Amino acid sequence: MTYRTRGAGSKQDQVAEEGLEDHVRAFCSVEHFLWAEGKVSESLVLLLHGWLLFLLKVLSYFLFGAFCSSAENSFVGRLKHFFNITDPRTVVASEQELDNAKILVESCRAGSVPPGTSLEQLHYAKKLYDSAFHPDTGDKMNLIGRMSFQVPGGMAITGCMLQFYRTVPAVVFWQWVNQSFNALVNYTNRNAASPITVTQIGVAYLTATSTALATAVGLNLYTKRAPPLVARWVPFAAVAAANCVNIPMMRQQEIINGIMVTDENDNKLGYSKKAAVKGITQVVISRVAMAAPGMILLPVLMERLEKFQFMKRIRVLHAPLQVMLVGGFLIFMVPVACSLFPQRCSLAVTNLEPQLRDSILAKYGDKVRYVYFNKGL
């Protein structure tokens with residue numbers, strides 16, 4: 001499958017970007033109409049407006065930026081890929097289906113496609129393979145740790161965190177559940193070229209869980225006298241803080257010993273700590289971005305909805321409602337967040353550690369200007 005290459009400042013990009021801006025302006029006019037009619041609060045309008053402007057800038061940068069020169073390096077190309085591998089429907093695929101998909105993909109790579117295989121079958125096999133098998137090792141990943149499980153798993157846990165935030169025991173329990181889930185996801189989607197011991201996994205898990213609990217409980221107590229909406233945002237603060245600890249700790253071997261980097265032809269060049277730091281930083285940003293819209297906007301919506309009489313009569317349904325609404329956010333934000341940065345990350349040779357840079361220059365001269373590595377998810 002090929003994608004058309006577009007220049008950063010082409011007339012087509014300018015027209016497309018202007019069209020995107022027109023859509024945002026039209027949506028914003030709807031916001032102002034609703035505000036005038038008294039259907040949503042001023043704070044909700046301003047928050048939605050801010051998020052729309054932010055998304056406009058992000059989309060403009062990734063869709064029309066100068067680096068968008070190929071499918072791998074364009075946001076749209078990555079988004080199509082991650083919509084496939086994060087599709088929650090692949091979670092229910094049987095073990096036999098996954099194994100058959102792997103056989104078909106590997107046969108196709110070897111140049112021997114079984115007779116009678118259709119293009120649709122090849123695409124579906126590749127979708128199943130990418131969703132269930134690790135890109136480094138080719139091993140089948142555990143079900144809960146796969147990115148395709150982020151929507152069903154994340155919506156249940158996040159919905160409960162947003163609903164049960166008022167008492168310390170509930171905060172402690174759901175933050176523990178969330179960090180246990182995150183630890184498994186982070187381990188499953190690590191760069192498999194850097195092994196990690198059981199002790200290091202345990203330390204990473206305990207550190208991240210302690211950080212999340214300390215942040216959540218501390219802010220929960222601190223916001224007792226704050227407006228109710230502020231207290232609803234405590235789970236997001238805890239999740240963001242824990243991600244900043246959980247992911248680097250779970251992948252500490254990469255930071256300590258470096259991550260394997262290659263040239264564009266996958267020839268191994270050595271280990272780089274700077275590459276590891278760049279990759280892990282991008283993963284942290286992606287994970288926080290994945291949770292942000294649902295955990296920031298949904299509390300605003302629920303704060304408004306819970307003031308209506310019909311919502312007061314169905315309090316037992318508040319948790320299922322939040323779970324479903326979070327799922328609506330995650331089904332889009334999981335692939336969008338995973339697409340923010342290329343999975344095959346690059347770093348200029350001039351930015352590497354002096355010893356590794358000098359060895360590459362001595363062996364290849366100016367032929368290798370960038371090194372590449374799997375940043376993980």
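Let me start with I331, which counts as partly exposed because its relative accessibility is 39%. The cut-offs here are under 20% relative accessible area for buried and over 50% for exposed, with partly exposed in between, using a 1.4 Å probe and protein chains only. This is a predicted model, where local features need pLDDT of at least 70, side-chain atom pairs count only at pLDDT 80 or more, and totals for chains, interfaces and linings use all residues. Residues are numbered from 1 along each chain as its sequence is written, and side-chain values use heavy atoms, with hydrogens and water left out.

I331 sits in helix α14, residues 318-338. Helices are DSSP runs of H or I with at least four residues, strands are runs of E with at least two, and both are numbered from the N terminus. Together with F83 and F332, I331 makes a nonpolar surface patch of about 280 Å². A patch takes residues with over 30% relative accessible area and no salt bridge; nonpolar side chains (Val, Leu, Ile, Met, Phe, Trp, Tyr) are joined within 5 Å, and like charges within 9 Å. Areas come from the Shrake-Rupley method with a 1.4 Å probe, and for residues only the protein chains shown count as cover.

The largest nonpolar core has 32 residues, and M295, L330 and C338 have the most contacts inside it. Which helices each supply at least two residues of this core? They are α3 (75-85), α6 (150-163), α7 (168-188), α10 (234-250), α12 (273-305) and α14. The largest share, seven residues, comes from α12. Apart from this core lies another, of 14 residues, among them I259, V261, C345 and V368. A core means buried Ala, Val, Leu, Ile, Met, Phe, Trp, Tyr and Cys residues joined through side-chain atoms within 4.5 Å.

L330 touches Q150, V151, G154, M155, M290 and P335, leaving out residues up to four places away in sequence. Contact means heavy atoms within 4.5 Å.

Next, the record. The unreviewed UniProt entry lists residues 44-64, 284-302 and 323-342 under "transmembrane region". Positions are in the numbering used here, feature names are shortened, and annotations may be inferred rather than shown by experiment. In the model, residues 284-302 are 100% helix and 0% strand, with end C-alpha atoms 27 Å apart. For residues 323-342 the span is 80% helix and 0% strand, and the end C-alpha atoms lie 30 Å apart.

On to charges. The whole structure has eight salt bridges, meaning a side-chain nitrogen of Lys or Arg within 4 Å of a carboxyl oxygen of Asp or Glu. K140 forms one with E95, at 2.6 Å from N to O. That pair links distant parts of the chain, since K140 is in the loop between α5 (119-132) and α6, while E95 is in helix α4 (residues 95-109), 45 residues apart. K140 also meets D99 in a salt bridge, at 3.0 Å. D99 is in helix α4 too, 41 residues from K140.

R89 bridges to D87, with the closest N and O atoms 2.7 Å apart. Are these two buried or exposed? R89 counts as exposed because its relative accessibility is 63%, whereas D87 is buried, at 9%. D87, R89 and K127 are linked in a salt-bridge network.

Last, the whole chain. There are 15 helices and four strands, and buried residues make up 45% of the 377 residues.
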